[in-house]
Each structure stands twice: as C-alpha cells, then as structure tokens.
Amino acid sequence: MKPQRDLLARSLAAVWHPCTQMKHHERLPLLAIVRGDGPWLEDDSGRRLIDGISSWWTNLFGHCNPRINAALQDQLGRLEHAMLAGFTHEPVVALSERLSALTGGQLGHAFYASDGASATEIALKMSQHYWRNVGLPAKNRFLCLEGSYHGETVGALAVTDVAIFREAYAPLLRPATAVPTPDARLAQSGESAADVARRAAAALEQALERDHEQIAALIVEPLVQGASGMVMYDPEYLRLARQLCDRYRVHLIADEIAVGFGRSGSFFAFEQAAIHPDLLCLSKGISGGYLPLSAVLCTDDIYRAFYDDAVSRAFLHSHSYTGNALACRAALAVLDIFDEDDVIASNRQRARWLGDAAAALLTNRPIAHLRQRGMILAFDVTDASDDFAARYFAAALEQGALLRPIGHTVYLMPPYVLDQALTCELMERATRALDAALAPRQRA
Ligand SMILES: *Cc1c(COP(=O)(O)O)cnc(C)c1O
C-alpha cells in the first residue's frame, strides 16, 4: 500500500496548485510534505530537504520554530481573531508600534491585509486617494521598473512587468509605465553599478518631467527585484529616485514584501540608501512564514490627508481578516527573535558563509553574474536549456534541497538558521544539482 500515492492523486484531483501548469504534473511528481523542522522539510517517504528558498521567501527562523509556536499557543488561548473595524487588540497595536519604531517613526501608521498583492493594492489606492484628497485628482497613474513584480491581483498586475503573468489578463489592466531598471548586470565596460543606477535615474527623471502631473507614485522593489530573477542594483538608484519623487511631488512606494525583515542585510532594504519611502509594503517574512499577513505603513502626511469628518475622504478599504490577532502575534514573536538574537548582526556572518561557499564551489562552472545582497545569493547559468528551471528543481530534490530557479537564474534564500556546516552543505547540494541539470546537455 502506498498512502502517499493516494494523497498525491487526491491533491491533483482537488487542489489547483499555484504558479503551475497542472498538466505538467503528469510528468513532474508532486511532493507531500508531512513535517517541518528548522531548515528542513520532510516528505512522506522520509526524505529530508533543506529549504533553500525559505518556502517562497516567507520562512525566516525555520519551520516549527519553538518560540513562534509558543507565542501562537499562548495567543490561541486568548483571542484568535476579532474584526478590526471599531475594535482593537494588543497584538495589532503592539505590532504597529514596533513596525513604526523600526522606521525611526517616519512611517507611523499601519494598515493591514493578508497577502503581498493586497498590500500593493492598498499602497496604490492610498497614493491615488491621497492626491484626490489634496485636490490633484489627475495624479492617478503609476510608474514601475522594468521587470518589476508586485503581485498578481488585477491592480498589482498593472504594476508588475512580467509578461508571462500579465499577458492573458491585459484586457483587465490599466498598466503602469515601466521605466528602465537599474539592474547592475547592464553595466557597460568601465561602468559601475552606481553608474547604471544613475543612467536609470536619468530615464526616471525624463518620465517624471513629462508625466508628473498624472503620476501618483513610483513603486519599486528596493535593491533586489526578486521575481524577475534576483535582479540586484545599487542603492544610489533609491537615493536619486527619492530626490526625484520629492521634486516632482510623486510618492515613493517601497515594496519590501520580499526584501524586508533582514533579507537584504539591513532590516529594511531602503536603509542602505539612507532614505524613507512614503509608503512601505510588507508581507512574506513578517509572520516568519507562519500565517498570511501583510501591512502597509505610511507617513503622517499621507495619513492626515484622509483624516476628516467626510466619510468619502476616508480610506474605506477592508479585508475580513484585517489585523488578524494570531498573525500579528506571530509577527511579534518574529520581532522578538530579531531583538533577542541580534539577527541583523549574526546574519552578516551567515551571509559571508553563503558567499564564501559559493565562491569556493562555483568556480569552473558555466555561470555569470554571481551576486549577493545579504541573505540572497544568485547566479545566472549560461547556455542552459529552456527547461533548465524544471530540470534543476528536480535535480535539487534528488540532492535533498528545495531550490527553484527563475528561468536561468539559480538563487539561494535560506532561512536565517543555518550554521556554517549546513550553509556549505546547501551550497554543495546546489552545485551538484547544477552539474546534474546541465550534464545530459553537455554530453549531447
Ligand atoms: C511575493 C511578492 C509580492 C506578492 O505577495 P503575495 O503574498 O504572493 O501576493 C509582491 N511584491 C513582491 C516584491 C513580492 O516578492
């Protein structure tokens, strides 16, 4: 008897899996995960995988983390959820205060939702509604970067510049204007990453000069454009974008759904440019990978433009689970771990282990643009076949690692719990998977 077969068949019959052509599962096996333990995921055959991408970038401190578990168990005995319109509770207040403090008090008002795309929608709506409230209703369009990813609901897709996600839904969208990306890989000979950033900022300036009367906001993924392939760029771009947004009266929306919570090396990525956005989107790592939660933080200036006797000037957006107490409590436990373990400092060491292991193992392999920003390491595989990502994913599973390339870009984004030995082990598995994924092609 093979009970796991049964579960997989039932899953394929009843569950429509995300980001997946379901027919491919005729060939690609589905994995049934039965247990999580720190950086490990265990399937129903007892195989253990190192979670090299933090389960889609959400998991910061390992699976079934005892401290987050304990906080949630405590919260379960008090309050699981209460609607947030007209009501409040300790976890949502405490979380809002602590997130505000992490921005140095610059972004002092937190609005909640349950996923990243909703946070994007909220930031776009807040920005446009702000301009309407201050008497500039024509400012209702958006700028995004080429290759941007801000989620896949209809509003978020309009600022997402990834053709494969967007094409089918084009008739539903009011697309943003995509301005050139500061992608450091675009450096011409003699150019630094900061030069590329200045070039991209000059293009941004042109777009703003031309259209600022219609532009509500520029939305960016600070320092790393994740979903389009861990595209990394110099903080100089954020500094210049901040100046240009101020000059042309345009909001700067920082989508730190992927790069926030220490992923880029600082707690928020925008800190590395010594700027503050007007609106900040957070999700993914916010609850340590436990529960769906997102937040949009904004400045006093934005908040005050809605504060009025007139209901029509209010931000009437809502989700049923806004400010869910369990999710907020998980987020508080995550922030406690950041404080108690001085995670930002200890991640510097972890990031060095990751970079050193990659430098040692990846020599003489057909790769380009090995790059790293904090706890994200990526490289592009040159000359890979069209089905490379699927082959690599399967090869990595064989090696006991969960790694899921984006096109020809392999990336590692592990939870912040690996010691040096396990970091090397993950990198070794990643390298063996690379050799295996490329092998038959090289023989041909
Ligand atoms: C994942 C992601 C989103 C969307 O978040 P979901 O929770 O998947 O809707 C938005 N922006 C960025 C930068 C992301 O990485």
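Predicted model: local features only at pLDDT ≥ 70, side-chain atom pairs only at ≥ 80, totals over all residues.

I found a backbone N or O atom of Y149 at 3.5 Å from a nitrogen atom of the ligand. I count a polar contact as a pair of N or O atoms within 3.5 Å. An N or O atom in the side chain of D255 lies 2.6 Å from a nitrogen atom of the ligand. For K284, I noted a polar side-chain atom 2.6 Å from an oxygen atom of the ligand. On its own the ligand has 380 Å² of accessible area, of which the protein covers 81% (Shrake-Rupley method, 1.4 Å probe).

Residues are numbered from 1 along each chain as its sequence is written, and side-chain values use heavy atoms, without hydrogens and water.

Entry 3, shell. I listed the residues around the ligand, with a heavy atom within 4 Å of it; among them are W57, D115, H150, E221 and I257. The shell divides into five nonpolar, three polar and four charged residues; Gly counts as polar, and Tyr and Trp count as nonpolar.

I took helices as DSSP runs of H or I with at least four residues. Helix α8 (residues 193-211) packs on helix α9 (residues 236-247) at about 20 degrees, with the axes 8 Å apart. The two, α8 and α9, are therefore roughly parallel (angles under 35 degrees).

The axes of helix α4 (residues 90-102) and helix α11 (residues 325-340) come within 9 Å and cross at roughly 40 degrees.

Terms used:
Polar contact = N/O pair within 3.5 Å; in protein donor to acceptor, adjacent residues only side chain to side chain. Axes fitted to C-alpha atoms, helices over the stretch in contact; angles between N-to-C directions. Parallel < 35°, antiparallel > 145°, perpendicular 65-115°, else oblique.
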